[in-house]
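Me: I am new to this structure and would like to learn how to read it. Please take me through it one feature at a time.

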Amino acid sequence: MDSIHRHIESNVDRSLDTLFTLVRQPSVSAQRLGFDRAPQLVADIFVQHGFEVQILEAPNNGLPSVYGYASADPGSFRRAQEQSGIDDPNAEPPTLMLYVHYDVQPTDPIELWETDPFEPTRKDDRLYGRGMSDDKGNIAARLAVINAFREEWGGLPCNVKIFAEGEEESGSPNLPGLINNYADILTADACIWEGGGRNAQNHPLIYLGLKGVLAVELSVELLKTDAHSSYATILPSAAWTLVNALNSMKDPTDDRILIEGFYDDVRASTPAEDEALANLPDDSDEWRQTFGNEAFVSGLGSEDLPRKHLFMPAANVAGLDSGYQGEGMKTVLPAKASAKMDFRLVPDMRPDDIFDKIRRHLDRHGFENVDLNLISGVHPFRTDMSSKWAQMAIETSEETYGKPAVIYPTMAGSGPMYDFGGTLGIPITSAGIDHPTHKIHAPNENITIDDFILGAKNIANLMQRFAAEW
Ligand SMILES: [Zn+2]
């Protein structure tokens, strides 16, 4: 792999040029900003890297995704086998899916940027711009690997599909529909997710799953108009009804969610996952500093936090609205009350099933008058840590970075992994250029050239092993 690694290093300026071209083109999905040109630009760049490209339209007038396919070169495939000490003339090159997204977060608050977010700027060893890390930096690092294999080994060691989503930063609302429409071309043997890289201590960081999320709105309207609060003696209160409904959902002492059947499909952790949880760094002091909380929910100690945070679902009240909250007092009995809630889901919970269970819970507890509306749902997904793909990614990262990997069997956040992992049945791991100092989603997003080169080398190593050993 030495020649591949040298190529990545000596061609880094060319790779960064590609990255800068991507960063200069705004593609803010939340504001539909820049999408008159962004999909075609991404398509053109993929074509320049030898991919056959299709722009895939999303349902519901969503923003398109860009898909590229490049087949393996027989000589490069054999060379990958030699590298792994494998001599199997009957083997066929497997197919690797690279999931990335070309849309970015909005630049707000723009006044906190020290440089133009859409003009790549270098200061010392850091490169600044929106999407520089998430996820255009990861796209460019993958393309650097493609160039290296083509120019050093004469072609790709495996078949490669690259899928660049246009709406990831907006919650991938149309990805399930899009995947349904194009399922026949999106199959693969394994998938590298959008990022991955190193943690704050510069250990390789691998994640193998993401939580799901169910977002709902609860609303109650019991009067046709607000009333004078003296009527609180005899008129029903929307605000109390809503508060009581919320209260019925959770045990205040042990934080257990009381919706009947809520935990039925929570998948038990495997012994390998238990071990990974026990080995995760203790972030409790950092969280305390960031949030200023004196204690954690139901008195959890730092050793209990990773399991609760990563392997358990949550019911969160994101917003509450009713009556008067202005200056002084208004003696009003409000006609309406509403709340937004998001439920973080773990495998094998399903958003539609949990939605039905919430409805049944409300009805059973006398809250038939509380309306429940679906805002959005994303399925959770987790690749088995003992699977061949996860193990290959873990071993490879430890070789590339020369340090033990920190393995997150799942992250606490959500994303559209299920559409590839669940719907299409592809095992997924992370690998990329990420580092906690990159300020993704925030002002002054950046990367270092070191992160970029190391991340690309790791992806190259993983691609070689995948091609040879799958
Ligand atoms: Zn991202």
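**Reading the model step by step**

Reply: Let's start with asparagine 60, which is exposed, with a relative accessible area of 68%; exposed is over 50%, buried under 20% and partly exposed in between (1.4 Å probe, protein chains only). This is a predicted model, where local features need pLDDT of at least 70, side-chain atom pairs count only at pLDDT 80 or more, and totals for chains, interfaces and linings use all residues. Residues are numbered from 1 along each chain as its sequence is written, and side-chain values use heavy atoms, leaving out hydrogens and water.

Me: Where does asparagine 60 lie, and what is its phi?

Reply: Helices (H or I, at least four residues) and strands (E, at least two) are DSSP runs, numbered from the N terminus. Asparagine 60 lies in the loop between S1 and strand S2 (65-70). Its phi is near 55 degrees, a positive value in a residue other than glycine. Serine 172 has a positive phi too, near 50 degrees, and lies in the loop between strand S6 (159-165) and helix H6 (175-181). Serine 172 counts as buried, at 7% relative accessibility.

Me: Which residues does valine 53 contact, apart from its neighbours in sequence?

Reply: A contact is a pair of heavy atoms within 4.5 Å. Leaving aside neighbours within four places, valine 53 touches Ala43, Phe46, Val47, Val66, Tyr67 and Gly68. Valine 53 sits in strand S1 (residues 52-56) and is partly exposed, at 26% relative accessible area.

Me: How do I read two packed helices, and at what angle do H1 and H14 pack?

Reply: Axes are lines fitted to C-alpha atoms, for helices over the stretch in contact, and angles between N-to-C directions run from 0 to 180 degrees. H1 and H14 pack at about 150 degrees with axes 10 Å apart. They are therefore roughly antiparallel; that label is for angles over 145 degrees, with under 35 roughly parallel, 65 to 115 roughly perpendicular and the rest oblique. Ile4, His5, Ile8 and Glu9 of H1 meet Ile453, Ala456, Lys457, Ala460 and Asn461 of H14.

Me: Which residues of H1 are buried, and what covers them?

Reply: In helix H1 (residues 2-10), these are Ser3, Ile4, His5, His7 and Ile8. Their cover includes helix H2 (12-24), helix H4 (74-83), helix H5 (136-153) and helix H14 (449-469).

Me: How are H4 and H5 arranged relative to each other?

Reply: Their axes come within 10 Å and cross at roughly 95 degrees, and the two helices are therefore roughly perpendicular. Here Ser76, Arg79, Ala80 and Gln83 in H4 meet Phe149, Glu152 and Trp153 in H5.

Me: Which residues coordinate the zinc ion?

Reply: Metal donors are N, O and S atoms within 2.8 Å of the metal (3.2 Å for Na, K and Ca), and sites may look incomplete because water is not among the atoms. The zinc ion is held by His101 (NE2), Asp134 (OD) and Glu194 (OE), at 1.9 to 2.1 Å. Aspartate 134 lies in the loop between strand S5 (126-128) and H5, and glutamate 194 in the loop between strand S7 (190-192) and strand S8 (197-198), so the pair ties together parts that are 60 residues apart in sequence. Both aspartate 134 and glutamate 194 are buried.

Me: Last one: which peptide bond at proline 109 is cis?

Reply: The bond from aspartate 108 to proline 109 is cis, with omega near -5 degrees. Proline 109 is in the loop between strand S3 (95-101) and strand S4 (121-123). A cis bond also joins proline 347 and aspartate 348, with omega about 0 degrees.
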